[in-house]
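User: Please take me through the structure shown below, in questions and answers.

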Amino acid sequence: MLRAAARLFAEGGVSGTSLADVGVAAGYSRGLPVERFGNKLGLITALLEAMDAWFQAHIARLLDGATGMRAVKMRMEAHLASVERDATATAALYSIYTESLFVMPELQHYVAAVTGRWCDGLAANLREARRAGEIGKRVDCDGEARFLLAAMRGLVIQYLLDRSDADFARSKKILLAHLERLQ
C-alpha cells in the first residue's frame, strides 16, 4: 500500500489522493487503508517513516566509516541521486513536504523530524571535517548543513519541475564545488 500511495502522491499530490484510491491502486479493498493506517495522516506518516528508515540505512551502508568532508560529499551525492534512483518516490516525498505547509499542517512535525535527522547527519560530518582541519574553524556547521539541505532540495524541486538532466548535473556540480569554499 505504501508503494501505491507514493505513486499516487507523485502523480496527484497528497490532497488529490484518497485512502480509497490507495487501497484500489494497491490491489486491495477501498477500506483496507483505513483499517491499516486509521486515517490519511497515519498513512502519510507511515510512508515518511519508511522512506526515512530506508534512507538512513542506505546512508549508513554507503558511509561505512567515512567521516569529514568525504562523508558530507557522500551524503549529498546520495540525497541528490534520489531523483535518478526513484523519481516517483522523490516526487511523493516532495509532495508531502509542500502540502505540509498549507494543506496538511499537521504533517509539519513529521517533516521537521525527517529534516532534522538529515541536517544532523550533515552537521556532524561537517564538525568532523572542522576538527580534522578540512574546513575552516569558523564555519558554522549547523547553518551550513541547513544551507546544503535547502540547496539540495531546491535542485531536486527544479529537476522535478523541468526534468532537465543536463541542468541538474550542472547545478549539482556547482553545489558540490561550494564545499571547496568552506576552507
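User: What percentage of the 183 residues in the protein is buried?
Analyst: The model is predicted, and burial is judged here by a relative accessible area under 20%. By that cut-off, the buried share of the 183 residues comes to 47%.

User: Which secondary structure elements does the protein have, and how many helices are there?
Analyst: From the N terminus on, the elements run α-α-α-α-α-α-α-α-α-α. There are zero strands, and the number of helices is ten.

User: What is the radius of gyration of the protein, and what does the globule rule give?
Analyst: The C-alpha trace spans about 55 × 30 × 30 Å along its principal axes. For 183 residues the globule rule gives 16 Å, and the value for the protein is close to this, so the protein is as compact as a globular protein of that length. The radius of gyration is 18 Å.

User: Among contacts with a separation of 6 or more, what percentage joins residues 24 or more positions apart?
Analyst: A contact requires heavy atoms within 4.5 Å. Of the contacts in the protein with a separation of 6 or more, the share from residues 24 or more positions apart is 67%.

User: How far apart do the centres of the positive and negative side chains lie?
Analyst: The protein carries 23 positive side chains and 21 negative ones. The distance between the centres of the two charge sets is 4 Å.

User: Which geometry does the aromatic pair of Tyr94 and Tyr97 have?
Analyst: The structure holds three aromatic pairs. One of them joins Tyr94 and Tyr97, with 5.0 Å from centre to centre and 65 degrees between the planes. Because planes over 60 degrees apart count as edge-to-face, the geometry of this pair is edge-to-face.

User: Where is Asp64 placed, and what is its phi?
Analyst: Asp64 sits in the loop between α4 (40-63) and α5 (68-80). Asp64 is exposed, with a relative accessible area of 67%. Its phi is positive although the residue is not glycine, at near 35 degrees.

User: Is Arg163 buried, exposed or partly exposed?
Analyst: Arg163 lies in the loop between α9 (141-162) and α10 (165-178). Its phi is also a positive value in a residue other than glycine, near 55 degrees. With a relative accessible area of 44%, Arg163 is partly exposed.

How values were computed
Residues are numbered from 1 along each chain as its sequence is written. This is a predicted model: local features need pLDDT of at least 70, side-chain atom pairs count only at pLDDT 80 or more; totals for chains, interfaces and linings use all residues. Side-chain values use heavy atoms; hydrogens and water are left out. Helices (H or I, at least four residues) and strands (E, at least two) are DSSP runs, numbered from the N terminus. The radius of gyration is taken over C-alpha atoms; the globule rule is 2.2 Å times the number of residues to the power 0.38. Buried means under 20% relative accessible area, exposed over 50%, partly exposed in between (1.4 Å probe, protein chains only). Lys and Arg count as positive and Asp and Glu as negative; His and the chain ends are not counted. The place of a charge is taken as NZ of Lys, CZ of Arg, CG of Asp or CD of Glu. Rings of Phe, Tyr and Trp (its six-membered ring) pair if their centres lie within 6.5 Å; planes under 30 degrees apart count as stacked, over 60 as edge-to-face and the rest as tilted.
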